[in-house]
Amino acid sequence: MSAMLSEDKAGNWQIFPDAEAVAKAALHLILQAAEQAIASEGIFRIVLAGGTTPEKVYRLLVGQACDWQRWQLYLGDERCLAQDDPERNSVMIRQCLLDKVGIPPENIHFIPAELGAEAAAATYAAQFTDKLPFHLVMLGMGEDGHTASLFPGHVHNQQELVHAVHNAPKPPPERVSLSQYCLSQTQRLLVLVTGVGKHDAVKQWQAGHDLPVARITSYQQTDILLDKAAAGA
Ligand code: 6PG
């Protein structure tokens, strides 16, 4: 059950009772996007996110009858830590999803953040030349309005597809992130926002403030799914 807040060019804002319900709605939208992309193009290119709500979505994806061979997975951002560090987004996604479903290893395109931010960003960007647009980009939002590893006040070269991120306010300070431009090269955008700590940023976003999350757009459809706590409902 959800309450549709508004539906306009800026996206479909929907409020759900809790994070579990947000994750279930996200699951539904992802399965729908995958089915459509595979039916029309034979492939489903999805950008995955770190964070607690996306993690719930990955757990729900396990057990779904998907055509996993046709999924191509990318990451919106990664933390510059050792390859097996439990704080890495890739490690979380592997444990929750990839160890349990049959996505071919060659379809998994994680960010080699263990190389360091600069080298990893350059390596990751090189593969995107013929991979855009994505079919779906999934994002979370931090309490300061950051998304992926695009933080308020950080200035990046807008021509880049992938940024090396230094001095991130959320640890670890060194990260790699798809750029605003790259994240916006997508047919569908799905933003998951849960928890009372996000409420102030949600209010700012709705009031038109220039937050990193507010700058990401899609070609076709943007869905912003919130729980009541984040929405202040
Ligand atoms: C990261 C994440 C980050 C995350 C948001 C929301 O690497 O830190 O990619 O962008 O999505 O901070 O996280 P929660 O869902 O845990 O609040």
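**Reading a cavity and a ligand site**

Biologist: How many cavities of 30 Å³ or more does the count come to?

Modeller: The count comes to 1 cavity of 30 Å³ or more. On a 1 Å grid over the protein atoms alone, a cavity is a set of points where a 1.4 Å probe fits but cannot get out. Points are joined across faces, edges and corners, and the volume is the space filled by probe spheres set on them. This is a predicted model, where local features need pLDDT of at least 70, side-chain atom pairs count only at pLDDT 80 or more, and totals for chains, interfaces and linings use all residues. Residues are numbered from 1 along each chain as its sequence is written, and side-chain values use heavy atoms, with hydrogens and water left out.

Biologist: Which residues line the largest cavity?

Modeller: Lining residues have an atom within 4 Å of a point. Here they are Leu29, Leu136, Arg188, Leu189, Leu190, Gln221 and Asp223. The volume is about 30 Å³.

Biologist: Which element gives the largest share of that lining?

Modeller: Strands (E, at least two residues) are DSSP runs, numbered from the N terminus. E10 gives the largest share, 3 residues.

Biologist: Which residues come nearest to the ligand?

Modeller: A residue is near a molecule if one of its heavy atoms lies within 4 Å of it. Of the 15 residues around the ligand, the nearest are Asp77, Arg79, Ala148, Lys170 and Lys198.

Biologist: How far is an oxygen atom of the ligand from an N or O atom in the side chain of Lys198?

Modeller: The distance is 2.7 Å. For the side chain of Arg175, the corresponding distance is 3.2 Å.

Technical notes:
Polar contact = N/O pair within 3.5 Å; in protein donor to acceptor, adjacent residues only side chain to side chain. 1 Å grid on protein atoms, 1.4 Å probe; cavity = no way out; pocket = protein on both sides within 12 Å on 5 of 7 lines; lining within 4 Å. Helix = DSSP H or I, 4+ residues; strand = E, 2+ residues; numbered from the N terminus.
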